[in-house]
Amino acid sequence: MTTDEIQKVDEPAEDLPGTGTGTGTGAGGLPGEPGPAEGRRAAEGGVLNVFSHGILVLWALMVGVPLLWVLWSAFKDSNGILTDPWGLPTVLHWENWSNAWNDANMGRYFVNTAIVVGGSVAGTMVFGSMAAYVLARFTFPGNRLIYYLFVAGMSFPVFMLVIPLFFVLRDFPGSSLLATYHGLILVYIAYSLPFTVFFMTAFFRTLPTSVAEAAMIDGASHTRTFFQVMLPMAKPGLISIGIFNFLGQWNQYLLPMVLNQQEDKYVLTQGLAMIALQQGYENDWGALMAGMMIAMLPVLVVYAIFQRQVQSGLTAGALK
C-alpha cells in the first residue's frame with residue numbers, strides 16, 4: 001500500500017446527508033435537526049403534559065367550585081339560596097355568621113373542637129415520634145414485630161373499632177370516659193398513632209446517625225439526645241405529619257358521633273350535622289353555610305401557612 005493510500009484510509013469519512021454520522025448533525029443528518037426518536041419522545045411528552053394539566057384543572061374545579069359556592073352562599077339569605085343558588089349575593093347578610101356562631105352554638109362547638117384536636121395532635125406527635133425514634137434507631141427483639149403491628153393498625157377501618165371503643169370507654173376503671181374531652185383525646189391519639197409511627201420511622205432513618213453519636217459521646221442521655229438533637233432535626237417531618245393529623249382529627253365525624261353524645265361537648269362536625277337536620281324546620285340555610293365556612297376556615301388557614309413545610313417534609317426523606 002502506498003503512502004497516498006494510507007493517508008486516504010486515515011482520513012475521516014465525510015458526513016453524508018441522511019446518514020446521521022459525524023458531529024454537529026442531528027439524527028436526521030442535518031445540523032440541529034431532531035431525529036425521529038427524539039420527535040416521538042417530544043410528542044409523547046407534550047401529550048402527557050396536556051393530559052396531566054387537564055386532570056389537575058378538572059380536580060381544581062371539583063374542589064374549588066363547591067368551596068366558592070359555600071362561601072358566597074354564606075352571605076345570602078335562605079330565599080336567595082333556594083331561588084337562585086348559583087347567583088352571587090346582591091346584599092351581604094353578615095348576620096348569618098353571628099346566627100351560626102351564637103344561635104346555632106358554633107362558637108361552643110369550635111372551642112370544644114380546638115380543645116380536643118389540640119390535645120390529641122400534641123399527644124400524637126409526642127408519643128408517635130418517641131415510638132418511631134426507638135423503632136428506627138435501636139435494634140432489639142420484637143422491633144420489626146412492633147413496627148408491623150403499627151403498620152397493620154392502618155388497615156383497620158374505623159367502623160370496626162367504634163363498638164369496642166364504646167365499651168372500653170364506658171367501662172373504664174374509675175369513671176366512664178364517654179362524652180369527655182380526655183376520653184375523646186385518647187381515642188384520637190390511638191386512631192392517629194399507626195400512620196404517625198409509620199411516617200416518622202421512615203423519616204428518622206434518613207437522619208444522620210453521626211450527630212446522635214456525637215451527642216452521646218459528649219455525655220448526653222438518650223432522652224436529651226432525642227429531645228434536644230434529633231427532634232429538632234426532624235422538624236420538617238413533624239410539621240408534615242402534624243398537618244395531616246390536624247386535618248384528619250378536625251374533620252372526624254364517626255368517632256365523636258358514637259363516643260360523644262353530650263350536646264354541650266359536641267365538636268364542629270356534630271354541630272354541623274345538627275344544624276343541617278334543624279334546617280328542615282327553621283329554614284335558615286344562610287346560617288348553615290356560614291357554619292360550614294367557620295368549620296373550614298381553620299383548615300384552610302393552617303394549610304396556607306404551613307404548605308411549604310408540608311412539601312419539604314414529604315420530600316425530605318428522599319433527599320438523604
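Two residues are in contact when they have heavy atoms within 4.5 Å of each other. Keep that idea in mind as we walk through this structure, which is a predicted model.

Let's start with a residue that shows the idea well. Leaving out residues up to four places away in sequence, Thr-201 touches Ala-132, Leu-135, Ala-136 and Tyr-147. Thr-201 itself sits in helix 8, which covers residues 181–206. Is Thr-201 buried or exposed? A residue is called buried when its relative accessible area is under 20%. Thr-201 has a relative accessibility of 0%, so it counts as buried.

Now step back and look at the whole chain. The protein chain has 14 helices and zero strands. How much of the chain is buried? Of its 320 residues, 34% are buried, and Thr-201 is one that counts as such. Contacts also tell us how parts of the sequence meet. Take the contacts in the protein chain with a separation of 6 or more: residues 24 or more positions apart account for 69% of them.

Our next stop is Ser-78, found in helix 3, which spans residues 78–83. Ser-78 has 12% relative accessibility, and therefore it counts as buried too. Which residues does Ser-78 contact, apart from its neighbours within four places in sequence? They are Asn-283, Asp-284, Trp-285 and Gly-286. With Trp-285 there is a further detail to look for: a polar atom of the Ser-78 side chain lies 2.9 Å from the backbone nitrogen of Trp-285.

Finally, let's turn to charge. Side chains of opposite charge can pair when their charged atoms come close. How many salt bridges does a search of the whole structure find? The search finds one. It joins Arg-170 and Asp-171, with the closest N and O atoms 3.1 Å apart. Arg-170 has 39% relative accessibility, so it counts as partly exposed. Asp-171 has a relative accessible area of 48%, so it is partly exposed as well.

Terms used
Residues are numbered from 1 along each chain as its sequence is written. This is a predicted model: local features need pLDDT of at least 70, side-chain atom pairs count only at pLDDT 80 or more; totals for chains, interfaces and linings use all residues. Side-chain values use heavy atoms; hydrogens and water are left out. Helices (H or I, at least four residues) and strands (E, at least two) are DSSP runs, numbered from the N terminus. Buried means under 20% relative accessible area, exposed over 50%, partly exposed in between (1.4 Å probe, protein chains only). A polar contact is a pair of N or O atoms within 3.5 Å; within protein, one must be able to donate a hydrogen and the other to accept it, and residues adjacent in sequence count only if both atoms are side-chain atoms. A salt bridge is a side-chain nitrogen of Lys or Arg within 4 Å of a carboxyl oxygen of Asp or Glu.
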